[in-house]
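Biologist: Before I rely on any of the labels attached to this model, I would like to hear how each one was reached. Could we go through them together?

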Amino acid sequence: PFLGKLLYGNAYKMVGVSKAIAEKVKEIYNFENVTSIYNAISTEDDHPKAETNDYYILFFGRLDDDVKNISLLLEGYSKSILPSQNIKLKILGEGKDLEKLKLKSNDLKLASNVQFLGHLSNPSALVKSALFTVLTSKYEGFPRSIIESLALGTPVISVDCKSGPNEIIEHNSNGLLIENNNPEALADAMNQLFEDKALYLQCKKNSKSSVAHFSEANIVKQWQSILK
């Protein structure tokens, strides 16, 4: 903190990628020159759906279990009704814990229900075709996967980790925000979003509009207001 104050105390502005991060910087360093601007996304949806007959939910991101806590995702999924309803879990991404997660999937007797798809340079079609996406991270900076999913019209179930999800997810409006590190709560959320058709359609309907303020045009204006 001492070196931080010395190096950055006279900066014109410090910009956090989320409100929570900006507040944490203010708390630690007692800076007054801190604000937040979210990362921008493209809100133009010109992506076709994936050509598949599967019904599935999706995780996409880095396979780093220490951060992304994909073990929690597998545990919650195993406790839900989704496997018995032939709703698959697709895991899209690469990382150091791929083999560990495959073994855990086997231990939970999910080998026929969970698909590890590796890396795709453009996952938009798969995201768009998912019933919903899931984020189970222990912590985040600002989770782009949530806003990318919502921008494609796909609702999200997310744990309420630090930081970011509770600045994006409006509970029961564009997805579900749940207690972290609780596989039973995750299973209940999966069951609810799958079984409650009215809730699901409402979340899906609100998905795109809920992230309109993350558009490139809006975020550029916020940067321009600082840079001017």
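Modeller: Let us begin with Ser 71, which, once neighbours within four places in sequence are left aside, is in contact with Asp 65, Lys 100, Leu 101 and Lys 104. Please keep in mind that this is a predicted model.

Biologist: What makes Ser 71 count as buried or exposed?

Modeller: Buried means under 20% relative accessible area, and Ser 71 has a relative accessible area of 10%, so Ser 71 is buried. Its place is in helix 4.

Biologist: How do you know whether helix 4 and helix 5 are roughly parallel or roughly antiparallel to each other?

Modeller: The axes of helix 4 (residues 70–79) and helix 5 (residues 98–107) come within 10 Å and cross at roughly 15°. Angles under 35 degrees count as roughly parallel, and the two helices are therefore described as roughly parallel to each other. Helix 4 passes helix 5 in a right-handed crossing.

Biologist: Which residues meet where helix 4 and helix 5 are in contact?

Modeller: From helix 4, Ile 70, Ser 71, Leu 74 and Glu 75 meet Lys 100, Leu 101, Lys 104 and Ser 105 of helix 5. The residues of this contact divide into three nonpolar, two polar and three charged.

Biologist: Which residues have the most contacts inside the largest nonpolar core?

Modeller: They are Ile 57, Phe 132, Ile 157 and Met 190, in a core of 47 residues. Apart from that core lies another, of eight residues, among them Leu 92, Val 127, Ala 130 and Leu 152.

Methods: Residues are numbered from 1 along each chain as its sequence is written. This is a predicted model: local features need pLDDT of at least 70, side-chain atom pairs count only at pLDDT 80 or more; totals for chains, interfaces and linings use all residues. Side-chain values use heavy atoms; hydrogens and water are left out. Axes are lines fitted to C-alpha atoms, for helices over the stretch in contact, and angles run from 0 to 180 degrees between N-to-C directions. Helices (H or I, at least four residues) and strands (E, at least two) are DSSP runs, numbered from the N terminus. Angles under 35 degrees count as roughly parallel, over 145 as roughly antiparallel, 65 to 115 as roughly perpendicular and the rest as oblique. A crossing is left-handed if the near helix is turned anticlockwise from the far one by less than a right angle, and right-handed if clockwise. Contact means heavy atoms within 4.5 Å. Ala, Val, Leu, Ile, Met, Phe, Trp, Tyr, Cys and Pro count as nonpolar, Asp, Glu, Lys and Arg as charged, and the others, Gly among them, as polar. Buried means under 20% relative accessible area, exposed over 50%, partly exposed in between (1.4 Å probe, protein chains only). A nonpolar core is a set of buried Ala, Val, Leu, Ile, Met, Phe, Trp, Tyr and Cys residues joined through side-chain atoms within 4.5 Å.
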